[in-house]
Amino acid sequence: MKAIVFNTFGNADVLKLEEFPAPEVRPHDLLVRVHAAGVNRADLTHRRGGYGRADFGDSALMGLEIAGEVIKVGSEVKGYRVGDRVMGVVGGGGYAEVARMDWRMAMPIPARLDYVHAAAIPEVFVTAHEALLHLGRLKEGDAVLVHAAAGGVGSAVVQLAHATGATVFATTVSSKRDAVLQLGADHVIDYQNQDFAEIVAANTDKRGVDVVVDFIGAPYFQRNIASLVNGGRLIQVGMLAGGGEIKVELSQILYRHLQIIGTVMKSRTQVEKQAMTRRFRDHWLEHFNAGTSLRPLIDSTFPLGRAADAHRRMESAENVGKIILTT
């Protein structure tokens, strides 16, 4: 099979399309003919050596989410058969013509969706649901602040928050404002020219929001805390602008009953990942068939052989929504 490989860590130029052995099917696996694969920031970190190794769990190949057709099933698989259209998160190996997926991580592709749009769902929407509803406990009538709202996970968080009936504050650059409004945001904040904490305070009578979902990291931490209501939850999903040390008055956490929760799908156990997938599937999957406002947001597609260009597109930070590789 054809697959994207890299023999050394580095910039996008290290990615090459080469022949690679197809994966073997284990008892709990689906073997999938990949038609589309999502590009994630974790892939960039993987390529640069941020995880310290080339092998990412289940495969020496990168790629964490796929959509395609089942071509073989393992002996202990339940509910799937050859020919089924499936999507899901994989433990590496997505940048290839064939990949294997634990059947407990798989989801049937909604009939209304093609493979490209299906590949834009698993990683981002499962992560978004986990952060916003399972950990953040957002409910109808609440208010939420979503950072990096035009990105893959951010755009999913905005949509799920809107569908839940919450008031949505969203940060992005001014050029992406209209796209974020169309996703369901009520207040779009230009983070380059506006202070999001001031905008939240002005539009909530200084009450604040019930949940903050943040991908940025240390530079936003203090203002995120200031933007929360008493009893509010800060869900830290990423650190695009870096981590490091942060400062906060412990009394703010204590007397305002605040919760600070970190979540990274990659470092969870397989059982936990399966539970995350199941929670999203049970709550939202049928919404994609029902013609609701939920929709995977596609920025661009690239053929598998142009994976380097797809990475450069993500590194430019100009994308609105998901970047997808097609095979």
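Predicted model: local features only at pLDDT ≥ 70, side-chain atom pairs only at ≥ 80, totals over all residues.
## Helix packing: H1 and H10

On the H1 side, the contact is made by Arg 41, Asp 43, Leu 44, Arg 47 and Arg 48. These residues meet His 311, Met 314 and Glu 315 of H10. By class, the residues of this contact comprise five charged, two nonpolar and one polar.

## The largest pocket

The largest pocket has a volume of about 1,200 Å³. Its lining is made up of 45 residues, and Arg 41, Val 153, Phe 215, Gly 238 and Leu 240 are those nearest the pocket centre. Two or more lining residues are given by each of helix H1 (41–48), helix H3 (122–135), helix H4 (152–164), strand S9 (167–172) and strand S15 (322–326). H1 provides the largest share of this lining, with five residues.

Sorted by class, the pocket lining holds 24 nonpolar, 14 polar and seven charged residues. Arg 41 links this pocket to the helix contact described above: the residue is among those nearest the pocket centre, and Arg 41 is also one of the H1 residues that meet H10.

## The largest cavity

The structure contains one cavity of 30 Å³ or more. The space within the largest cavity amounts to about 30 Å³. Its lining consists of Ala 120, Val 124, Phe 125, Gly 152, Ser 155, Ala 156, Gln 159, Pro 296, Leu 297 and Lys 322. By class, six of the lining residues are nonpolar, three are polar and one is charged.

Helices H3 and H4 each contribute at least two residues to the cavity lining. The largest share, four residues, comes from H4.

For the pocket, the largest share of the lining comes from H1, whereas for the cavity the largest share comes from H4.

Technical notes:
Residues numbered from 1 in each chain as written. Heavy atoms only, no water. 1 Å grid on protein atoms, 1.4 Å probe; cavity = no way out; pocket = protein on both sides within 12 Å on 5 of 7 lines; lining within 4 Å. Points joined across faces, edges and corners; volume = space filled by probe spheres on them. Nonpolar A, V, L, I, M, F, W, Y, C, P; charged D, E, K, R; others polar. Contact = heavy atoms within 4.5 Å.
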